[in-house]
Amino acid sequence: MKILFKIYFLFFLICLYLFSDEIKLTELEKEVTIKSGEQLTLSFKLPEVKNAKLYFLARTGDEALEGPAGYADALLIEINNKRITDPTKLINKPPIFKLKGKPEKEIQWYNNNSWMIPISPDYISVDFHYLYAPIDKETSKEVKGCEFVFDITEFVIEGENKLKLIRLPRPWSKIPIHFKNIKVIYEKGMNPFKKEAQQQKNLIIAKEEKIPAGEKKIFTLPLKEENKTYFLKITVRRQSERMAGYGYYMQILLNDKYIDASIDRKTKRLVDKPFSFTRKTGEAFFNLGDGIWLTFFVPDFYTDVSSYTGGAVKDPFTYTLDITDLLNETGKNQLSIRNLCSKVKEVDSKMELSLYVNVEVVVKEFQDDRKLKKEEVELKGTPYLELTKTGGIKLNFDNASLILESIFSYPEGGFNKLGKELSVDGEKDWKLEVKKNIKNEVEIFAKGKFYSINRKAKLSQNKILIEDEIVNLTSEDLGIIFSNYINFENFPIYFTRMAGSSSQTVNNLNAPYNPTIFYPLKNSGIGIVANDDVYRNQGILFYDLDKKITGIRDENFCLGPKKSYKFSWSVYFLSSDDYYDFINLVRNDWGSNNITINGPIYFINYGGVLNMSEEELMKWIKHKNAKYISFWEIRTPNPIPEYDNRRVVAYGPGIFNPIFKEEIEKVKRAVAKLRKINNNLKITLYTHCFFISPEKPDDPTYKDSWIVDKEGKRAVSQYNNPTYYDYQPVFPTLTNSYGKAFSKVIDFYLNDLDFDWIYWDESTGPGIFGESDRTYNAWDGYSAIINPETKKIEKKFGLLVLLSDDFIMSMYKKVKDKGGFVLFNSAARTKSRINTASFVESQDLILRAYDTHLNTPLAYGYGKPSMNELIERLNYGTIYARTHIDYVSDIVTKFYPITIEEIHSGWVKGKERIITAKSGQYGWDGKYKAKIYIYNENGECINSNSPVNSYENKIKIDVPSGGIVIIEKIQ
């Protein structure tokens, strides 16, 4: 294919010169020079053209240059005020090249917001240089470094055109650019872009519209007409003084419906780019569902973001979406664009965090041929089980059947299968024995050379519970790649919710906090969940439209010699298409509703407590009925010379370092001051078990507890910065040195500092660069990298959450035995932690709320939330976990205590109270007494003297616009 491409391109160039006209923009062989910050402007007239190319030779360098010296990111090209930024428009070179010298270095021709130009004394010598000669990355052939040919067909117009070549000023490079033989080569005929323009109408809705943090803007779109297709084109960026990464801060709705990248798993809405791009840290999706889209933090729409996208994404700031099916033919069409960045964050960071958007509607004069007709099935009747001859499980309804299948790899081979037929690449010695096959219970035993599987499946009212005990029959460690899935070859499942997400583009997802997939059907639904700790932490949720299978696969399972492990997974079926009804079934089965959540939590600096007067503290504590106080970390107020002259934060046993003596005394004084005001306050201090600070990088004290990568290098904290001494990543167990030391920290908190409870940050692993969930110097007994080709183990590792679970739960018991409790940051990833209080940080991505759905549904955010922020979290079935002492409203206080019974979109139900942002019928079974609190859009309780009344069953609740109602059960 590459050779054919080369032949085709050579033929194209010959035709270009034989059958095309050209306009010389500079005198032949005369060199033209522009200095840093200057521009060369050239005009040319064209007839209507079928195609047009811009040709020139370019180099950079000054008189002192003796030979090739690399490349300069120096040139901007504009035609008719449109900048050429797309690497595919450079048609005589690949978008990425590598240098001839060693070590090989890859460079993009469009890099750092400009075109790369060779630094060379002439236009030829760079092509033969031993180091700087440009080589085609794919073919390893040399390319001409100084020759540039651009396809400019879409940029030119019939008549007068203006070309600008601009030497971009760079502080690190001021050498001029030299040009020769600048010309435009064209072929007469109908311009394809003109033809396309004639077939479409572009309507500019907004240009560089500013949407401040926390706000939204409404735009009116045209009404839909017959035989036309409508595309919404949104160009967006979040304001930043420089390229500063990306986040999910734009939410778009049309006529109150989310606009996502795909309608379902087979019908795209996003038409101008792939659904994702790949970074070193993994796959990044442009859309995460619920209308939430990625936005780059840049100063303008010309900034080069290829360092993130790999250069493979055209127009990275722009999304073009087919919205034909969402538009109304009568009435109004209203587009809502919301900036999800918190106003509080903008104020605290003292930076503008506005979104800037361009909005355009493209109307094409043809009817979209997409078929939006839904293929729906409604599950009917009482199901029963049936085994196939080859080990598949059939779930039979009155009107439909599902087949559950599984595959298991074996070393140096393919996959054994339990399904509707045997695998074509399975073991020859693979044998099956049906042990039980009745309507509500089946059991099968399968055995090969390497392992045996004993599978038991039991049908209950709303689910099948499947348990697979796998035994390693060999005397060596054994790796198994396996997958459990629904075969939907004859069953239309085209919409999924992976880990709660409504996105139809997110796929191959590791989601240990919420290891579920839900498939809404017509008035019914199917769900699948990984139950046990190993499967949920290793599992990958997937959907494969081509193979018609969807489920949970595991690419990292490993068993020791002669060892066994029992996997557990369930398939639910329900007469509802509501994801939250499915989640409530799982919560009930997992025992997630058995903990009373006290709160809210008031985070405050101990120094702030010391600086406030007793009267002021007393006022706020009484107003909020505050009970649970957590101090932030202990930090030295000044730089410490022996620690690189930086300030130091106390993490883990680092708190015993003498440099913190004065700060600890301040903490004790702050505790005493609060207890004097109110002796019923429950007080704690921030703690973190996966970092230690201060610790010198070469200190071997806790070497057995270091978190290390595949190469044995110690992990690096992603939070390290020049202001504070570096945090060193570690992990605790019941037997390693750091676990023993950290246990003494908990004793110090409970005994010496007289704390009542523990706030535990990042409880499932630290924020580190690279693979943040694992370490390679310890084995958890079940995890390994397995070669997908040979199916053999390459390297064992330990998942931090599995390695540290026993230790963390032992600390939890220690605190509980003293009458306290633990509040974890990060939702539970193991069964042992299901009944512990945990929250997730939702301040920068509300979709993290889905992580809480099988644990305590608590969402952390900024301390003074708006009513919109409280309602938004209720819309995800969660409640706010934190507030400030000086927060004016007392609404968050009224959320607690609560023992969750059900979660829903817009409301949560507990034994003690119901909290809702939606009008409707709410209550408990039977007779009860309750008090109702009604809060308006400003967070004011408009019936603070509400009486206690008697009620029976559900009662009608009207929620004011932008408000929240709390029904507090008195008895």
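Mentor: Helix H10 passes helix H11 in a right-handed crossing. Keep in mind that this is a predicted model. H10 covers residues 737-752, and H11 covers residues 800-817. Their axes are 11 Å apart, and the packing angle is about 20 degrees. The two helices are therefore roughly parallel to each other, since angles under 35 degrees count as such. On the H10 side, the residues that meet H11 are Gly739, Phe742, Ser743, Ile746, Asp747 and Leu750. On the H11 side, they meet Phe807, Met811, Lys814 and Val815. Sorted by class, this contact has six nonpolar residues, two polar ones and two charged ones.

Now look at what H10 lies on. H10 lies across strands S44 (682-688) and S47, and its direction is at about 160 degrees to S44. Both strands belong to an open sheet of nine strands with parallel pairing. Read across the sheet, the order is S54, S53, S52, S51, S47, S44, S43, S42 and S55. Strand S54 (879-880) and strand S55 (882-883) stand at the edges with a single partner strand each, so one side of each has no neighbour in the sheet. Inside the sheet, take S47 and S51 as one example of a pair. S47 spans residues 758-761, S51 spans residues 822-825, and three bridges join them in the parallel sense. Within that pair, Tyr759 has Leu823 in S51 as its bridge partner.

The loop between S55 and S56 contains Pro897. The peptide bond from Tyr896 to Pro897 is cis, with omega about -10 degrees. Another cis bond joins Ser693 to Pro694, with omega near 0 degrees, and Pro694 sits in the loop between strand S45 (691-692) and strand S46 (728-729). These bonds deserve a note because most peptide bonds are trans.

Strand S56 (residues 898-904) is joined to S57 by four bridges, and the two run antiparallel. S56 and S57 form a hairpin with two residues between the strands, and in this hairpin Gly906 has a positive phi near 105 degrees. S57 also pairs with strand S58 (residues 913-916), antiparallel again, over three bridges. The hairpin of S57 and S58 likewise has two residues between its strands. Val908 shows how S57 is held on both sides: Ile903 stands opposite Val908, and Ile915 in S58 is a bridge partner of Val908.

Which residues of S57 point which way? Trp907 and Lys909 point one way, Val908 and Gly910 point the other, and all are buried. In a regular strand the side chains alternate between the two faces of the sheet.

Last, two backbone values from elsewhere in the chain. Most residues other than glycine have a negative phi. Asn181, which is not a glycine, has a positive phi of about 55 degrees. Asn181 is in strand S14 (residues 177-188) and counts as buried because its relative accessibility is 12%, the cut-off being under 20%. Lys548 also has a positive phi, near 60 degrees. Lys548 lies in the loop between strand S38 (540-544) and strand S39 (549-559). With a relative accessible area of 24%, Lys548 is partly exposed.

How values were computed
Residues are numbered from 1 along each chain as its sequence is written. This is a predicted model: local features need pLDDT of at least 70, side-chain atom pairs count only at pLDDT 80 or more; totals for chains, interfaces and linings use all residues. Side-chain values use heavy atoms; hydrogens and water are left out. Two strands pair if DSSP finds at least two bridges between them. Contact means heavy atoms within 4.5 Å. Axes are lines fitted to C-alpha atoms, for helices over the stretch in contact, and angles run from 0 to 180 degrees between N-to-C directions. Angles under 35 degrees count as roughly parallel, over 145 as roughly antiparallel, 65 to 115 as roughly perpendicular and the rest as oblique. A crossing is left-handed if the near helix is turned anticlockwise from the far one by less than a right angle, and right-handed if clockwise. Ala, Val, Leu, Ile, Met, Phe, Trp, Tyr, Cys and Pro count as nonpolar, Asp, Glu, Lys and Arg as charged, and the others, Gly among them, as polar. Buried means under 20% relative accessible area, exposed over 50%, partly exposed in between (1.4 Å probe, protein chains only).
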